Amino acid sequence: MTKDMVPGVKVAVVGVTGAVGTEMVSVLHDRNFPLTDLRLFASARSAGKTLETPFGSKTIEEFTVDSVAECDVALLAVSGDFSKEYAPQLAERGVTVIDNSSAFRYDDDKPLVVPEINADAIGDAKIIANPNCTTAILAVALQPLHAKFGLKRAIVSTYQAASGSGAPGMKELEEETRNILQGGQSSNKVFVHPLPFNVIPHIDKFQDNGYTKEEMKVTWETRKIMRIPDLPLSCTAVRIPTLRAHAEAATLEFDKPVTPEAAREALSGAPGVKIVDDPENNAYPMPLNASGHYDVEVGRIRQSIVFGDHGLDIFVCGDQLLKGAALNAVQIAECVVSGKVR
Ligand SMILES: NC(=O)c1ccc[n+]([C@@H]2O[C@H](COP(=O)([O-])OP(=O)(O)OC[C@H]3O[C@@H](n4cnc5c(N)ncnc54)[C@H](OP(=O)(O)O)[C@@H]3O)[C@@H](O)[C@H]2O)c1
């Protein structure tokens, strides 16, 4: 740990006007993060504006390396290009950078961390990558099952909220839904097609193998976080017209025999997991219930017809702005500050 990080730390949130940045400030407050100073940064467009936060009214500063270098920890929530340019400069100046973009997730020398699973990967790293939101939610649910039964293969389909495309994505869904309900035509700028009353099986760019980058992120990142380098995991990522919280259906095959009861036992009490699995009473994971909560909901746990006594089907739902982004980043910062990094 560099600089004087104990007992309190100076934290910078960069991208504070965005969907993730806004949540970071709330999570820092909610979790009573040991701050001595909190500074909020965005682009020149927002500089000078006042932001009402749980810490009181605060003025947004324009991002500069010199200003953020006055802090101990920087939580970046801007973009991959931004992080590629500035994270190394900040790290060079002694700042611990926790980055929400995909810029460093696949670098062998940069940890990609979900604290419930691999906080020990942090070590002395000055740049720590926060995973893709869909991956973080999935991995929290998979890890306790993997620990008990040994994950062999996974097939995942996602139902991803508009806020996965940031504040502009939420705004477009709300405005265009209103537009259509008032008899107008929907237009779209953030999403590749109109999202209201639609689902779009296309998130991020198509790759040579026919999968999208979002789908491949789930494969690559789950392997790295769970330390199963050759895990066969296939994903179909779909944008749906919800505002917040991603849902995912996963069909899983294990090395060892598994039953829904044994799976529930493995998941019960696992960190970051809440079992919501009472179909008799119409209780299962749903975005409306998971929104605003830290835990990943897991339910619809059943024996897989395809993989038999070695397989399960599950449905998970988590707030991707929290566990998939802001909460996970703050949890990483907590590990750094408390030294739980090995
Ligand atoms: N949304 C999600 O569910 C999610 C989940 C996991 C990871 N992520 C990742 O987190 C990052 C942020 O996503 P988001 O959804 O929060 O995006 P967003 O809502 O579009 O917010 C982007 C933020 O970046 C700021 N910004 C843009 N250019 C800047 C610059 N040159 N200097 C300083 N600040 C600048 C914006 O400030 P202005 O208002 O001043 O323009 C805004 O605060 C992205 O890398 C994204 O891939 C997002």
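The model on your screen is a predicted one. R45 sits in the loop that joins β2 (35-42) to β3 (50-53).

The "binding site" annotation in the unreviewed UniProt entry covers T17, G18, A19, V20, R45, S46, S163, G164 and Q320. These residues span 304 positions in sequence, and their farthest two C-alpha atoms are 26.0 Å apart, so they do not all gather at one spot. Even so, T17, G18, A19, V20, R45, S46, S163, G164 and Q320 are part of the lining of the largest pocket.

Now pick G164 from that set. G164 lies in the loop between β9 and α6 (166-181). Is G164 buried, partly exposed or exposed? Its relative accessible area is 38%, so G164 is partly exposed. Leaving out residues up to four places away in sequence, G164 touches R239, H246 and Q320.

Move on to helix α7, residues 213-226. From first C-alpha to last, α7 reaches 19 Å over 14 residues, close to the 20 Å expected at 1.5 Å a residue. How many of the 14 residues of α7 are buried? Ten are, so the helix is mostly covered. Among the buried ones are E214, M216, V218, T222 and I225.

To see what covers them, show α4 (115-118), α5 (133-149), β9 (151-160) and β10 (233-239), which are included in that cover.

Finish at R227, which follows α7 and has a positive phi, near 55 degrees.

How values were computed:
Residues numbered from 1 in each chain as written. Predicted model: local features only at pLDDT ≥ 70, side-chain atom pairs only at ≥ 80, totals over all residues. Heavy atoms only, no water. Helix = DSSP H or I, 4+ residues; strand = E, 2+ residues; numbered from the N terminus. Expected span 1.5 Å × (residues − 1). Buried < 20%, exposed > 50% of the residue type's maximum accessible area, 1.4 Å probe, protein only. Contact = heavy atoms within 4.5 Å. UniProt positions renumbered as here; feature names shortened; annotations may be inferred. 1 Å grid on protein atoms, 1.4 Å probe; cavity = no way out; pocket = protein on both sides within 12 Å on 5 of 7 lines; lining within 4 Å.
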